[in-house]
Amino acid sequence: MRWLTLYARSRQVPASLAVMLVGAVTAWALAGDGDGAPGDPRLPVLVLAMGAMAASTGLSGQDLALDRTAAIRWAPRRAAHVLLAGVVVCTVLLTVRTVGEAMATTAFVVRDSAGLMGLAALGAAFSGGRYAWTLPFAWLSFSFLAPPPTSAPMQVATWMLLPSGTAAGTWTALVLAVAGTAAYAVAGPGR
């Protein structure tokens with residue numbers, strides 16, 4: 001059990017969790033429209049992206065050379081780290097949703113948290129844990145500024161704002177989650 005505590009501390013898990021909780025509580029305070037129905041998807045997507053970006057800081061250790069020379073198999077641990085981070089990001093927003101306003105549906109939150117953690121894992125595999133947040137941030141920024149999705153490529157580009165059950169949004173999030181987790185698990189964080 002001690003190794004798990006040391007691993008969590010070395011990957012900045014407590015600080016990441018604190019950022020996720022503050023973001024979710026802030027969103028809950030801002031979403032007080034009173035009707036209880038899911039509305040504008042931008043606020044929950046912003047909370048999920050902030051959670052994924054906070055979790056992405058832990059996708060590399062303190063010393064990359066030390067991680068690469070360890071005598072343990074890193075691929076399963078890396079995959080578990082990404083999947084568990086996605087579950088935590090999802091759970092934080094769903095917990096706030098049960099306590100307060102229903103900012104988004106459960107399917108929407110699960111889809112977006114999986115896709116955003118896949119993006120963060122891709123960012124870590126390509127540019128290291130220090131800059132893993134840039135890929136989810138860039139895609140989120142584009143989604144917020146993009147015109148309404150009228151074509152299939154625009155639906156793919158703005159997948160995180162599409163309603164749950166939209167095929168383009170679901171498949172894009174699934175591909176990003178699988179590709180990001182696999183790339184990070186196999187290659188590890190980039191330099």
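This is a predicted model: local features need pLDDT of at least 70, side-chain atom pairs count only at pLDDT 80 or more; totals for chains, interfaces and linings use all residues.
User: Is the crossing of α6 and α9 left-handed or right-handed?

Analyst: Residues are numbered from 1 along each chain as its sequence is written, and side-chain values use heavy atoms, without hydrogens and water. Helices here are DSSP runs (H or I, at least four residues), numbered from the N terminus. A crossing counts as left-handed if the near helix is turned anticlockwise from the far one by less than a right angle, and as right-handed if clockwise; that of α6 and α9 is left-handed.

User: At what angle do the axes of α6 and α9 cross?

Analyst: Axes are lines fitted to C-alpha atoms over the stretch in contact (heavy atoms within 4.5 Å), with angles from 0 to 180 degrees between N-to-C directions. The axes of α6 (residues 106-127) and α9 come within 7 Å, and they cross at roughly 35°.

User: Why is T181 classed as buried?

Analyst: T181 is found in helix α9 and touches A79, V82, L83 and A121, leaving aside residues up to four places away in sequence. Buried means under 20% relative accessible area, exposed over 50%, and partly exposed in between (1.4 Å probe, protein chains only). T181 is therefore buried, as its relative accessible area is 12%.

User: Which residue meets D112 in a salt bridge?

Analyst: A salt bridge needs a side-chain nitrogen of Lys or Arg within 4 Å of a carboxyl oxygen of Asp or Glu. Both partners here are buried. At 2.9 Å, N to O, the side chain of D112 meets that of R111.

Methods: Helices (H or I, at least four residues) and strands (E, at least two) are DSSP runs, numbered from the N terminus.
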